Amino acid sequence: MTQNVDILIADDAKLFRDFVKSAVNLVKIEANFIEVTDGRNLFSAYEQHVPEITIIDSRFPNIDVLDFAKKILEIHPIATIIIFVDSIEHDFMKQSTALGI
């Protein structure tokens, strides 16, 4: 029996959330999707579900994405966090790489 993977998708764009779900389903991964559309709810959603994978938009509203990632990695050092960047943001890339993301 295959165990479902919990995947938290944090993006205010429904189109992107749907794209991620379609891509995961395409590769035949059985997943439970937790969707968050606003940064004010992100940390509580993470704590409630403790997903295996968190996928987040680098420009997610109402939260500093790197601060969120740092806080999560302090609590769960082996957390898998994927941050989508829609353009080359050199400082953001350096900071996220320094966090191990």
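How many helices and how many strands does the chain have?

## Overall architecture

The chain has four helices and four strands in this predicted model. Read from the N terminus, its elements follow the order β-α-β-α-β-α-β-α.

A compact globule of 101 residues would have a radius of gyration near 13 Å, and the chain agrees with this at 13 Å. The C-alpha trace spans about 40 × 30 × 25 Å along its principal axes. Of the 101 residues in the chain, 38% are buried. Among contacts between residues at least 6 apart in sequence, 69% join residues at least 24 apart.

## Packing of helix 2

Helix 2, residues 42–49, has L42, A45 and Y46 as its buried residues. Viewed down the axis of helix 2, these buried residues fall within an arc of 100 degrees, so they line one face of the helix. An α-helix has 3.6 residues a turn, so residues three or four places apart point the same way.

The partners of the buried residues of helix 2 are strand 1 (5–10), strand 2 (31–36), strand 3 (53–57) and helix 3 (65–75), against which they pack. Just after helix 2, V50 adopts a positive phi of about 40 degrees.

Five salt bridges are found in a search of the whole structure. One of them pairs R17 with E35, with 2.6 Å between the closest N and O atoms. This pair links distant parts of the chain, since R17 belongs to helix 1 and E35 to strand 2, 18 residues apart. R17 counts as buried, at 9% relative accessibility, whereas E35 is partly exposed, with a relative accessible area of 36%.

D18 forms a salt bridge with K21, the closest N and O atoms being 3.5 Å apart. D18 and K21 are three residues apart in helix 1 and are therefore separated by about one helical turn. D18 counts as partly exposed at 25% relative accessibility. K21 also forms a salt bridge with E35, where the closest N and O atoms are 2.7 Å apart. Here too, distant parts of the chain are linked: K21 lies in helix 1 and E35 in strand 2, 14 residues apart. Through shared partners, salt bridges join K14, R17, D18, K21 and E35 into one network.

## Surface

The chain exposes about 6,400 Å², of which carbon and sulfur atoms supply 54%. A nonpolar surface patch of about 310 Å² is made by L26, V27 and I29. Of these residues, L26 lies in helix 1 (residues 14–26) and is exposed, with a relative accessible area of 68%.

How values were computed: Residues are numbered from 1 along each chain as its sequence is written. This is a predicted model: local features need pLDDT of at least 70, side-chain atom pairs count only at pLDDT 80 or more; totals for chains, interfaces and linings use all residues. Side-chain values use heavy atoms; hydrogens and water are left out. Buried means under 20% relative accessible area, exposed over 50%, partly exposed in between (1.4 Å probe, protein chains only). Helices (H or I, at least four residues) and strands (E, at least two) are DSSP runs, numbered from the N terminus. The arc is that of the directions from the helix axis to the C-beta atoms. Contact means heavy atoms within 4.5 Å. Patches are made of residues with over 30% relative accessible area and no salt bridge: like charges are joined within 9 Å, nonpolar side chains (Val, Leu, Ile, Met, Phe, Trp, Tyr) within 5 Å. Accessible areas come from the Shrake-Rupley method with a 1.4 Å probe; for residues, only the protein chains shown count as cover. A salt bridge is a side-chain nitrogen of Lys or Arg within 4 Å of a carboxyl oxygen of Asp or Glu. The radius of gyration is taken over C-alpha atoms; the globule rule is 2.2 Å times the number of residues to the power 0.38.
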